[in-house]
Amino acid sequence: KPLANSFKTAKHLVQLAKDSITMMDFQFSEIVAFRKLKGLIDKGTYGKVRHVQLVWMVESAVQREKLWSWKTDLKRSGGVISLLGSHFLYLAEWMFGSLNYIYAETSSMQTAKFAPAKSTPAPDLVNIVAETKSGIRIAATIGNACPSGIGHRWEIVFDKGTAVLWNPTKDYMSGFSLVMRTSKKELIIVEKENYSFADGRLIPFYKLAQRFVYAIRNKKSVMPDFTVGARVQSLMEFVYKSAHRHKFIKVCV
């Protein structure tokens, strides 16, 4: 992920692969805490979702070491929107439904400090406000140049309580917990997940790979596929368009 460097190219890849079984590497939806949260949302256990807040503030290796690469170069489709924002956009629609409007503001201030002359630094911070077709407002602040950042934290306000999904560790996948807070008590839905591998991405990737191989062997479709990847690519372009125009953009794909 993301699938390509533009929505046009993503659509072309979908067309090329129309007779093939495809899959995207969106790993967060494979984590137990995220799946438990989606279950609470889908079942309406605590009522309808009123509001969603995401704060995802981390420091990537390229930002920490001030390493110029495609990951920091806007012309090569780098930056926080591609690296982390693509995950957010996928998760937002996976959990809460199709997005209808997007507003975004970006900053490349930290990346500009070590960008070579005549280069175009990619955003290292993005603020997004999105609204789903069902009217849920989602506010997200995502940065990958934040020393000692808060980590990856979601707060979902329901009619009857608030769910907090949080990973304060430096590992992108390992360390999530899910707690449900109501007026009467605090209920731990998922204890802190700690994987035994040095890289927490391995377990979620393994789950995706298992489903992908099963789908190939049994000639069945599997999600998230290239069409989902193209959808996320289109949402990323709406984020950039909104940031450029300084206005809400209607998602019309």
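In this predicted model, strand E2 (residues 99-107) and strand E3 (residues 125-132) run antiparallel and are joined by 8 bridges. E2 is also joined to strand E9 (residues 249-250) by 2 bridges, and these two strands likewise run antiparallel.

- Along the pairing with E9, the bridge partner of Tyr-101 is Lys-250.

**The sheet as a whole**
- E2 belongs to an open sheet of 9 strands, whose order is E8-E7-E6-E5-E1-E4-E3-E2-E9 and whose pairing is mixed.
- The edges of this sheet are strand E8 (186-190) and E9, each of which pairs on one side only.

**Helices against the sheet**
- Helix H4 (residues 80-96) packs on the sheet, where it touches strand E1 (49-57), E2, E3, strand E4 (137-143) and strand E5 (151-158).
- The direction of H4 makes about 155° with that of E4.
- Helix H7 (residues 226-245) lies across E2, E3 and E9, and it runs at about 55° to E2.

Methods: Residues are numbered from 1 along each chain as its sequence is written. This is a predicted model: local features need pLDDT of at least 70, side-chain atom pairs count only at pLDDT 80 or more; totals for chains, interfaces and linings use all residues. Side-chain values use heavy atoms; hydrogens and water are left out. Two strands pair if DSSP finds at least two bridges between them. Helices (H or I, at least four residues) and strands (E, at least two) are DSSP runs, numbered from the N terminus. Contact means heavy atoms within 4.5 Å. Axes are lines fitted to C-alpha atoms, for helices over the stretch in contact, and angles run from 0 to 180 degrees between N-to-C directions.
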